[in-house]
Amino acid sequence: MATPRKWLLWRGGVFLAALAPLLLWGWQVASNAAGPEPGRYLLLNIGLGGLWMLLLTLSLTPLTKLTRWKGFALIRRQLGLWTLAYATLHLISYALFILGLDWAMLGSELVKRPYILVGLLALIGLAALGATSNRWSMRRLGKRWKPLHRLAYPILGLILLHFFWGVRADLGEWTLYATASALIMATRLPPVARRLPRFRKRLAST
């Protein structure tokens, strides 16, 4: 029973770690510590949180190959669903705090800020991945499941474009995320992917 309990604690810890930023940002808004525009504060931070979650999710495969630790594979679906949750909350924050639930404004917003449409496309893609992240979908889709879930990388590109377009004033922060994304994507290249197990063996030998 020790091993299942260990994985349960691991998953529970990951759940709490993913939830913690949302609780922190909510507490900061409630205590008037989120600046003069708490709605925009939540919108931006939750959006960045979604990007963090997606980067963490995509990093789990190379980490598993490097370490052969089962724990990384066990939380892949969980973090993927957290990515979708953050992206959905980002959209809800936009609807509440920017649109004020006035959907008539959406058309003019899309004209002035087309990066919103890019973000919506990314959210639709994440929703498709989330809906098919279960075993039933894996069996149903068969060989088509893996190609579908490789769309996570184009979706990451859409999110980076959404972020770049929306916060052009702070290119330094965007560059850090883009660099991390490029490194993670590089691990999917066949020459790099083949060398990850070899790199693990070298680390083990040293």
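View 1. Helix α6 has 17 residues and spans 24 Å from its first C-alpha to its last, close to the 24 Å expected at 1.5 Å a residue. The expected span is 1.5 Å times one less than the number of residues. Helices are DSSP runs (H or I, at least four residues), numbered from the N terminus. This is a predicted model, in which local features need pLDDT of at least 70 and side-chain atom pairs count only at pLDDT 80 or more, while totals for chains, interfaces and linings use all residues. Residues are numbered from 1 along each chain as its sequence is written, and side-chain values use heavy atoms, with hydrogens and water left out. Buried residues of α6 include Tyr115, Ile116, Ala122, Leu126 and Gly130; buried means under 20% relative accessible area, exposed over 50%, and partly exposed in between (1.4 Å probe, protein chains only). The buried residues of α6 pack against α4, α5, α8 (145–149) and α9.

**View 2. Glu109 in helix α5.** Glu109 lies in α5 and counts as buried because its relative accessibility is 5%. Leaving aside residues up to four places away in sequence, Glu109 touches Tyr94, Ile98, Leu99 and Ile116. Contact here means heavy atoms within 4.5 Å.

**View 3. The largest nonpolar core.** A nonpolar core is a set of buried Ala, Val, Leu, Ile, Met, Phe, Trp, Tyr and Cys residues joined through side-chain atoms within 4.5 Å. The largest one has 20 residues, of which Leu51, Leu58, Leu156, Ile159 and Tyr177 touch the most other members. Helices α2 (38–67), α4, α6 (115–131), α9 (152–166) and α10 (171–186) each supply at least two residues of this core, and α9 gives the most, with seven. Not counting residues up to four places away in sequence, Leu156 touches Leu51, Leu54, Leu55, Leu58, Ser181 and Met185.

**View 4. Leu22 and the second core.** A second, separate core of 13 residues includes Leu22, Ile46, Met53 and Phe72. Leu22 is placed in helix α1 (residues 2–30) and counts as buried because its relative accessibility is 19%. Apart from residues up to four places away in sequence, Leu22 touches Ile46, Trp82, Tyr86 and Leu89.

**View 5. Trp103 at the surface.** Trp103 is in the loop between α4 (76–98) and α5 (106–112). Trp103 counts as exposed because its relative accessibility is 53%.
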